[in-house]
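Take a walk through the fold below.

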Amino acid sequence: LRAAAAAVAAAAPELGASLTACTGRLLVQSVESAQVAASILEEAATTGLGATGRTLAGASSAVDVVRREPHGVVAVVTPWNDPFPAAAGLLAAALVTGNTVVHKPSERSAVPGWRMARLIAEVLPPGVLNVVNGDGETGAALVADERVALVAQVGSSATGRRIATAVGARGGRVLLENGGKDPILVDAGVDPRWAAGQIATGAFTNAGQLCTSVERVYVHEEVADDVVAELVRIAEGMRVADPSDAGSDLGPMVDGAQLAVVDRHVREAVAAGARCLAGGEPLGREGSWYPPTVLDGCPDDVELMTEETFGPVAAVRRVASFDEGLALAGSGRYGLAATVLTPDMGRALRAADELEVGTVKVNAVFGGAPGGSADPRRDSGAGAGYGPDLLTAMTVLKAVHLEAAPGVGNGGSQDR
């Protein structure tokens, strides 16, 4: 894993350029993503050694242990939008705990996914890490294969449900980190400029194409006017241009299909009464370009507020109180992550208790110390997707009870 980390780090510029070419992500962010993947591989080389078993207090004449063993073959299925860290985390955890792996990157970013996985495979014994490319048919064949003991997938909720059904039917196991509809709740008393910056970072980074992108914005009415005005100013000032240009703030979306989803969600919300204050329609260019968009007064029942949009849209809903905002933030069928901006520590702790999501972030839309673990809730998946608990999930427990046979001496056979 250390050799793999060094190889990925050295190839970060090439890997980043490949990801930008496939998905339109800003080049500097793509390179950073590859560097993060290298760090994950390096970290697992040490932390992975801690996923061991334990001894039990049994009879003094026997030895009882619970040991961890690899599943055997693990299938790793990863998404197009941030493929390097997603793949590195799952691959490293599976490999360091002794499994062999078949990895299928998303067909939307097949080239960068294949290139990074091959760099890792080249420093491993032959056959330990295998990479296959293909579409949904290839993925379906992989997860249905009886030889695959565990399927670890990061991707859409619809795909995750299909995988869970197929793997469950044959008695296999799954780890799923799926879609989200992550809210941000802005309380009264916060600095409006700071809050707008947090919203913009969460909603517009990578054109809103991150699993933990901000997709719903609930703003206390006491600060709503100032927050929204600053958010519009930020959106209108962003430069949407060539992602390889260091002066660009936003590149294109991954493809026309994703652009169509975003356009449909925004148009439906506006038709239902939302007010478009910035952006709001595809840019008149060849390709899948969509500007940073701010909508105010979004109805609760439109797809923009209920289904994953995965685009650069800040969908604002004003609330009369923290209680109302907290209830709305906790609603819906997804439970990946949520952010709360508040100067009140009591409300922050209450949000951490009450929000049924895998990750609660207070006063920072992105962030968190390494080594954490989280279980997404409801349609956002099941099972730890990172951290020490992921290492645990990559193994199975076996209890071993050992006694000496009658008539056998100290550790040797009777023929000794």
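Two strands pair if DSSP finds at least two bridges between them. Strands (E, at least two residues) and helices (H or I, at least four) are DSSP runs, numbered from the N terminus. This is a predicted model: local features need pLDDT of at least 70, side-chain atom pairs count only at pLDDT 80 or more, and totals for chains, interfaces and linings use all residues. Residues are numbered from 1 along each chain as its sequence is written, and side-chain values use heavy atoms, leaving out hydrogens and water.

Start with strand 1. Strand 1 pairs with strand 2 (residues 62–70) in the antiparallel sense, over 2 bridges. Arginine 54 has valine 66 in strand 2 as its bridge partner. Both strands belong to an open sheet of 3 strands, ordered 1-2-18 with antiparallel pairing. Strand 1 (54–55) and strand 18 (395–403) are the edges, each pairing on one side only.

Now a parallel pair. Strand 14 (residues 337–341) and strand 15 (residues 359–362) are joined in the parallel sense by 4 bridges. Here alanine 338 has valine 360 in strand 15 as its bridge partner. Between the two strands the chain passes through helix 13 (residues 345–354), and this β-α-β crossover is right-handed. That term means that, with the strands pointing away from the viewer, the path from the first strand over the helix to the second runs clockwise.

Next, helix 3 (residues 27–47). Its 21 residues reach 30 Å from first C-alpha to last, close to the 30 Å expected at 1.5 Å a residue. The expected span is 1.5 Å times one less than the number of residues. Buried residues (under 20% relative accessible area, 1.4 Å probe, protein chains only) of helix 3 include Val31, Ala34, Ala38 and Leu41. The buried residues of helix 3 pack against helix 1 (2–10), helix 2 (12–23), helix 4 (83–96) and helix 5 (110–121).

Last, a loop residue. Glutamate 215 sits in the loop between helix 8 (192–204) and strand 9 (216–220). Is glutamate 215 buried or exposed? Glutamate 215 counts as buried because its relative accessibility is 6%. Its contacts (heavy atoms within 4.5 Å) include Lys181, Asp182, Glu307 and Phe310, not counting residues up to four places away in sequence. Valine 313 is 98 residues from glutamate 215 in sequence, yet 7.1 Å away in space, C-alpha to C-alpha.

Notes:
Buried means under 20% relative accessible area, exposed over 50%, partly exposed in between (1.4 Å probe, protein chains only).
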